[in-house]
Amino acid sequence: MKNNIFLLGITIATLLSCSESTIDEEVLGTLVGTVIEGATGLPLENVQISTNPASSTVFSDENGNFVFDNILVDDYSVQAELDGFSAAFESVAITANTISNVAFELEPSSTTNDAPSQPVLIFPEDEQVGLDTQVEFAWDATDPENDDLDYTLQLRDGGTNEIQNFEISQDTTFVVNNLRLSTNYFWQVSATDGTNDPVTSTISSFTTLDSPSNPILFTRRIGGNNVIFSGSQDTGNNQTDINVLQITSETSNSFRPRRNSIVNRIAFLRTVGGETHLFTMSLAGEDVQQVTSSVPVVGFRQEEVRYAWAENGSKLYYANFDKLYSINTDGSGLEFLYQTSDGSFISEIDLPEITSNIVALKTNDINGYNVRIFTIDISSGVEQSVALESVPGAAGGIDISANGDTILYTYDVSGAENSNYRIFESRIFTYDIIADTTQAIDISTQLGENDLDTRFSPSEGNVIFTRVLNNPGAIPTIATFNIGNQQDLFILFTDGAKMADWESN
């Protein structure tokens, strides 16, 4: 054994001395390894060693050692074969100017049953780019005796090196969801007939799309947490759930997404240690940055709370009980702006895109009622107009038009007030600020359901909103209709979708 170690040391030293040659250091590396018999630990000579992708074929020496010198940098499946023994496979990554190691323990073959063929990867194609976050993998393999084959799909995230193994029985396709955006993945498949050692495919790679062009953001609840998704509207084929992509992880409670097209960032709320804070992230869900810290976002029922981007994307407006604040998106410049005179909570905030100094607010008491929807001049704190007040029941979902002349909101016309904050017949209204009348316009048509969380489309010709039956436990959907033709209603997203935001690209 000492002789073996000495010889291997000489081999490695020789390889290291060769690293000073003129071969391109950016693309080449070295692979060394050993082969022993599993039962005895004795070295095996004349074992054929090959790689996939193909490089060269070498044979182990009397000490079981072998060397691939100046092998191209890549991810390889390495195979060891010797008559009378079951073939063995190992995966190894070759990096530039580095010696990589692999070791084999071969077991005597105890069966005449032939192993299945090496799986051939079909989809995704190697180095394919721009794939969605849901991918259906496909491959092919055969068995000489037509044995039933089971497969293992191994998927490695090239950014985090996280490896997932999926066991698939007698099927050559498998769907993986919730892949990360803008990420390079490596995958391979191994096949087994239950008798021979598994046979492993080559390694293939693909890259998911960089960032979604989807104009709509929304949330779904998964495993007790809100998760943010993006999606696209129908293009004329009357389809729902188009191009849905998951943006945030299921391990965090993230909700109320709002995109700002000027800075191409998404703001959202996230639960952190029992508090709710503002965060921003890229359109792909990367570069997550916490904005608030010392003064959290607090109001009546956290999922009912809304905040707003300032018009140029440099600030966010949010509330802490009865106080209104602004903060720079980098977390600096926290500024107190306004406080309600009666201690009522500021639950929702919105700003017009064009008109400056006007802020629309929704306030309510600790139970969610005694609602007021109004605008203020933020520089003076003076009220400008009142869209809703002195009515029983719940209201919310405020959105102010780009030029600040119309407020969109929802109101439960049943007037119900109860300890469970159960809403029975919430409908969508518009209020004309310029006319400044007490008469809002009901633009809903559906009875027996609640229309909630409404917002204008980018053109303000449509509204998007959450529609849900008024019975407890009902599953919400996101719908849209044309303001001038309420009968032209279309369901955009299903399966518990809510909290929609619709911004232009």
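Asn-214 sits in the loop that links strand E16 (204-208) to strand E17 (216-222). The model is predicted. Is Asn-214 buried or exposed? Its relative accessibility is 3%, so Asn-214 counts as buried. The cut-off for buried is under 20%. The side chain of Asn-214 also has a polar partner: it contacts the side chain of Asn-243 at 2.8 Å.

**Strand E1 and its partners**

Strand E1 covers residues 28-37. It is mostly covered, with eight of its 10 residues buried. Which strands pair with E1? One is strand E4 (residues 65-72), which pairs with E1 in the antiparallel sense over six bridges. Within that pairing, Gly-29 has Ile-71 of E4 as its bridge partner. Another is strand E7 (residues 99-106). E1 and E7 run parallel and are joined by eight bridges. Here Leu-31 has Ser-100 of E7 as its bridge partner. In a regular strand, side chains alternate between the two faces of the sheet.

Most peptide bonds are trans, and most residues other than glycine have a negative phi.

| Site | Feature | Value |
|---|---|---|
| Asn-52 and Pro-53 | cis peptide bond | omega about 5° |
| Phe-123 and Pro-124 | cis peptide bond | omega about 0° |
| Asn-264 | positive phi, not a glycine | phi about 55° |
| Asp-495 | positive phi, not a glycine | phi about 60° |

Where do the two prolines lie? Pro-53 is in the loop between strand E2 (48-52) and strand E3 (58-59). Its cis bond is to Asn-52. Pro-124 is in the loop between strand E8 (120-123) and strand E9 (128-131). Its cis bond is to Phe-123.

Asn-264 lies between strand E20 (254-260) and strand E21 (265-272). Asp-495 lies between strand E39 (485-493) and strand E40 (498-502).

How accessible is each of these two residues? Asn-264 has 44% relative accessibility, so it counts as partly exposed. Asp-495 has 59%, so it counts as exposed. The cut-off for exposed is over 50%, and partly exposed falls between that and the buried limit.

How values were computed:
Residues are numbered from 1 along each chain as its sequence is written. This is a predicted model: local features need pLDDT of at least 70, side-chain atom pairs count only at pLDDT 80 or more; totals for chains, interfaces and linings use all residues. Side-chain values use heavy atoms; hydrogens and water are left out. Helices (H or I, at least four residues) and strands (E, at least two) are DSSP runs, numbered from the N terminus. Buried means under 20% relative accessible area, exposed over 50%, partly exposed in between (1.4 Å probe, protein chains only). A polar contact is a pair of N or O atoms within 3.5 Å; within protein, one must be able to donate a hydrogen and the other to accept it, and residues adjacent in sequence count only if both atoms are side-chain atoms. Two strands pair if DSSP finds at least two bridges between them.
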